[in-house]
Every structure is written in C-alpha cells, then in structure tokens.
Amino acid sequence: MIREGKKTKSAASQYFSPNQASKLLGISGSTVLRMIHAKELDAFVMPPGNHFKITADAVLAFTEEHKIPLTETAHEILESKRNYSKTH
C-alpha cells in the first residue's frame, strides 16, 4: 500500500529508503521499488516529490509473510528502528 506521509525532522530516523530496505533484505533496490508498486510492500510517499519511505514494521511483516531470513544485524537494525518509532 502506498500512502502519503508527513515529513518531519525525525523522518530519517523513523523510515527506511528503498535502497536501505534492499540492503537489509539482501535484494536490489529496483526489486524493492517493484514490490512497492505491486503493493507487496507497504510504503509512504514523502513530499515533496515521490520519495518512498518504508517502516521497520512493513519490512518485518514482509519478511515474515514471505519467509525471508534476515541476518542478525539486519534484524537488530529493524528492531531498533521499530522501537525508536514507538517511543518518538
């Protein structure tokens, strides 16, 4: 699902770019963009422009749904972002 988000000062701390998500998932950035457009991966459109941002929850839900294994480091990064967004 693609939604419009509100840009805030902490937006960089709350969301992943498609490129960052691709590195965590071990796939290409273009694959992440295709998944967003196909509505397989939930993302926000951040104004101005069409810059996609993805929550840690969306990445984790995708990995669980598609049984994609994560490295320990990737899982730690996702959990820390998830915890950050819940406290801010």
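**Labels and their grounds**

Analyst: R82 and E79 form a salt bridge, with the closest N and O atoms 3.3 Å apart. This is a predicted model: local features need pLDDT of at least 70, side-chain atom pairs count only at pLDDT 80 or more, and totals for chains, interfaces and linings use all residues. Residues are numbered from 1 along each chain as its sequence is written, and side-chain values use heavy atoms, with hydrogens and water left out.

User: Why is the pair R82 and E79 called a salt bridge?

Analyst: The term requires a side-chain nitrogen of Lys or Arg within 4 Å of a carboxyl oxygen of Asp or Glu. The closest N and O atoms of R82 and E79 are 3.3 Å apart, so the pair qualifies. The two residues sit three apart in helix α5, about one helical turn.

User: What makes D57, E79 and R82 one network?

Analyst: Shared partners in salt bridges join them. R82 also meets D57, N to O, at 2.5 Å. R82 lies in helix α5 (residues 72–87) and D57 in helix α4 (residues 56–65), so this pair ties together parts 25 residues apart in sequence. The whole structure holds two salt bridges.

User: Which label does T63 get, and why?

Analyst: T63 has 5% relative accessibility, so T63 counts as buried. T63 lies in helix α4. Leaving aside neighbours within four places in sequence, T63 is in contact (heavy atoms within 4.5 Å) with L25, I68 and L70.

User: Why are strands β3 and β4 called paired?

Analyst: Pairing needs at least two bridges found by DSSP between two strands. β3 (residues 43–46) and β4 have three and run antiparallel, so they pair. Helices (H or I, at least four residues) and strands (E, at least two) are DSSP runs, numbered from the N terminus.

User: What makes the side chains of β4 alternate?

Analyst: In a regular strand, side chains alternate between the two faces of the sheet. Along β4 (residues 51–55), F52 and I54 point to one face and are buried.

Note on methods
Buried means under 20% relative accessible area, exposed over 50%, partly exposed in between (1.4 Å probe, protein chains only).
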